[in-house]
Amino acid sequence: MVSSRIVIVSLVGVFLAVLIGVYIVSQEGIDGVDVSDVCPPSLTTVIGKVSDGVQSGNVTVYFIDAGVGDSIFVDTSDKDVLIDAGERHDGEFIASFLVSINVTKIDYLVASHPHFDHIGGLVTVMERFSSLGIPIHMVIENGQDRNTDLYREFRSYANEIGVTLAERCQIYQLDSETEMVIVSPPQPLLYSNHCENSIVQMIKFRDISFLLTGDIEPLSEAEIVESALNIQAEILKVSHHGGGTSSTPSFLSAVGPEVAVITVGAENQNGHPHQDVLDRLEDVGANIYRTDLQSTISITTDGVNYSIKTKN
Ligand SMILES: [Zn+2]
């Protein structure tokens, strides 16, 4: 009786020691960098170092009114990120908008996937920034090419800058407390469909997370929900401009957004956003913002609270 009690006490002790060990590893992360709980630490790769001496400040995410396409700019106190830039003809406006908010460099230029409403304007921004002498330090893409003149043009600019392949659980340090976690795609890519392979990333600053989903569809949404990743986020960029086959109930309930931003053109040919998606977002209690109605939407956070500004 006594010996079995000792065995039980010992087992409880070992269990507690393991728990404490897991807790310490998850807090310290890897390579001495604090990492969040989006990805299991064992799967995480940290990319890039933040600049010495730069303090964390507010983070602002701009959902730029890019017509029917996407364009998102992430402004931190150190590294800045541009994700997509609408269609080719939207790029001029987006480049001017970035200059108007005093952007002096882009650290990471992300092409979510090679469709014209995402990479078209990126070509224009790369051209315009090159002529203005505004540096772009790295291009991130998913590695799926496309047999179009637009993609070849995008790639020739990107090759001059330098291209990094996005892969699940890479963490790009944006400032001392802000990170961009690649949620999807895993490599090698799982789908032939370009939308499903979209880069999905989490921007995380202290308690506030933004989940940016490109144009992913139900297969990718289900794969992400079933993965080991924590995708809970306060702010969700709704996938595929509010298309009805995306934003599945299981994906939305895993994210649990307080705010849903739909990047969509007023005169799109696809009936975006679909009423079913608006209903599903309301079902999870999200407040809906739309670039077709409110134009550019910016969300600023101090890591605890956030405030939302709209142009209209
Ligand atoms: Zn799109």
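User: What should I keep in mind about the model and its numbering?

Analyst: The model is predicted, so local features need pLDDT of at least 70 and side-chain atom pairs count only at pLDDT 80 or more, while totals for chains, interfaces and linings use all residues. Residues are numbered from 1 along each chain as its sequence is written.

User: How many helices and strands are there in the protein?

Analyst: Helices (H or I, at least four residues) and strands (E, at least two) are DSSP runs, numbered from the N terminus. Here the protein has eight helices and 16 strands.

User: What is the strand order in the open sheet of eight strands?

Analyst: Two strands pair if DSSP finds at least two bridges between them. In this sheet the order is S7-S6-S5-S4-S3-S2-S15-S16, and the pairing is mixed. Strands S7 (163-165) and S16 (306-310) are the edges, each pairing on one side only.

User: In which sense do S6 and S7 pair?

Analyst: Strand S6 (residues 136-141) pairs with S7 in the parallel sense, over three bridges. You can find Ile140 opposite Thr164 in S7.

User: How are two packed helices described, in general?

Analyst: One gives the angle between their axes and the distance between the axes. Axes are lines fitted to C-alpha atoms, for helices over the stretch in contact, and angles run from 0 to 180 degrees between N-to-C directions. Take helix H3 (residues 116-132) and H4: they pack at about 45°, with axes 10 Å apart. That makes H3 oblique to H4 (under 35 degrees is roughly parallel, over 145 roughly antiparallel, 65 to 115 roughly perpendicular, the rest oblique).

User: Which residues in H3 and H4 meet?

Analyst: Contact requires C-beta atoms, placed from the backbone, within 7 Å. From H3, Phe116, Ile119, Gly120, Leu122, Val123 and Met126 meet Leu150, Tyr151, Glu153, Phe154 and Tyr157 in H4. Helix H4 (residues 149-161) also lies across S6 and S7, at about 125° to S6.

User: Which residues of helix H5 are buried?

Analyst: A residue is buried if 20 or more other C-beta atoms lie within 10 Å of its own, exposed if 12 or fewer, and partly exposed in between. In H5 (residues 218-226), the buried residues are Ser220, Glu221 and Ile224. They cover an arc of only 100° around the axis, so they sit on the same side of H5; the arc is that of the directions from the helix axis to the C-beta atoms. Their cover includes strand S9 (178-184), strand S10 (200-205) and helix H6 (249-255).

Conventions: Contact = placed C-beta atoms within 7 Å.
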